[in-house]
Amino acid sequence: MRFYQLAGVLGCTTAAFISIAPIQVEAATFKVISGVTSIDRDHENILRSIGLNLTGSNDTIAPIPSNYLVGFNIDSATNFTFSDEGGFTPLSGTIEHTGSVTFNDKITVGDFSIGFAPGRTVKGASGFVLKDTLSLNTILFDLSISKPVAFDGNNLTIPDVKLLISPEFATILQKPNLTGLFAGTARIDAQVAAVPEPDSVLATLVAGAAVLATRFYTRKIKCT
């Protein structure tokens with residue numbers, strides 16, 4: 001069989017398959033590529049009440065919204081992925097940040113990493129945690145996500161993220177009774193990009209080849 005005949009048969013077969021196969025909408029996968037994680041002013045006030053006074057910051061950015069306390073840039077090292085199934089379904093990876101804050105002129109934490117940590121026992125937490133990777137290298141807060149996530153295909157907003165003091169941080173502060181204490185509110189505003197599925201790429205190539213074959217050889221091969 002000549003090449004143009006094979007290509008024509010492929011085009012006819014693909015066209016026939018498309019005409020009878022049901023259209024299925026599958027969940028897509030997305031990756032966070034940039035954005036800002038912002039901390040509300042209530043965080044500063046609550047930490048002050050337990051003896052942690054904010055005395056400095058470095059490499060931080062403007063928060064979203066502007067009346068929040070401080071913003072941390074989402075770094076390019078981020079590899080957090082999620083599915084749009086059910087609106088928002090986390091899959092894997094972490095959201096990495098740059099920037100740091102200092103308390104009492106001696107404790108500096110920053111370059112925060114947000115990710116899922118299985119087996120957490122803090123009441124009301126979602127399983128996601130915020131970890132300091134700059135100095136203490138430990139989980140500072142368990143995260144509670146109560147409000148619905150907003151996602152439009154390009155932008156992901158996770159509002160009203162409650163920061164709950166982790167058992168690890170409470171131990172460092174030598175105040176284990178602080179575990180689970182509400183310590184302020186955060187918000188994540190991220191830009192995302194779709195992650196191509198291998199099967200989808202292959203299907204696109206096959207469909208494209210079929211279309212080209214049908215265009216160029218439709219006069220030579222007729223579908224029966």
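1. Ser-166 counts as buried because its relative accessibility is 0%; buried means under 20% relative accessible area, exposed over 50%, and partly exposed in between, with a 1.4 Å probe and protein chains only. The model is predicted: local features need pLDDT of at least 70, side-chain atom pairs count only at pLDDT 80 or more, and totals for chains, interfaces and linings use all residues. Residues are numbered from 1 along each chain as its sequence is written, and side-chain values use heavy atoms, with hydrogens and water left out.

2. Ser-166 is placed in the loop between β13 (155-165) and α3 (167-172). Helices (H or I, at least four residues) and strands (E, at least two) are DSSP runs, numbered from the N terminus. A polar atom of the Ser-166 side chain lies 2.6 Å from the backbone oxygen of Ile-139. Leaving aside neighbours within four places in sequence, Ser-166 is in contact with Arg-120, Ile-139, Leu-140, Phe-141, Asp-142 and Thr-179, where contact means heavy atoms within 4.5 Å.

3. Strand β10 (residues 128-132) is largely enclosed by the rest of the structure, because 4 of its 5 residues are buried. Strand β9 (residues 113-116) pairs with β10 in the antiparallel sense over 4 bridges; two strands pair if DSSP finds at least two bridges between them. Within this pairing, Ile-114 has Leu-130 of β10 as its bridge partner.

4. β10 also pairs with strand β11 (residues 138-145), again antiparallel and over 4 bridges. Here Asp-132 stands opposite Thr-138 in β11. The hairpin of β10 and β11 has 5 residues between the strands, and Asn-137 takes a positive phi near 50° in it.

5. The largest nonpolar core has 38 residues, of which Val-32, Phe-82, Phe-141, Leu-143 and Ile-165 touch the most other members. Such a core is a set of buried Ala, Val, Leu, Ile, Met, Phe, Trp, Tyr and Cys residues joined through side-chain atoms within 4.5 Å. Beyond its neighbours within four places in sequence, Leu-143 is in contact with residues including Ile-114, Phe-128, Leu-130, Val-161 and Leu-163.

6. An open sheet of 3 strands runs in the order β2-β7-β8 with antiparallel pairing. Its edge strands, β2 (54-58) and β8 (107-110), each pair on one side only. β2 and strand β7 (residues 100-103) are joined over 4 bridges in the antiparallel sense, and Leu-54 has Phe-103 as its bridge partner in β7.

Notes:
Polar contact = N/O pair within 3.5 Å; in protein donor to acceptor, adjacent residues only side chain to side chain.
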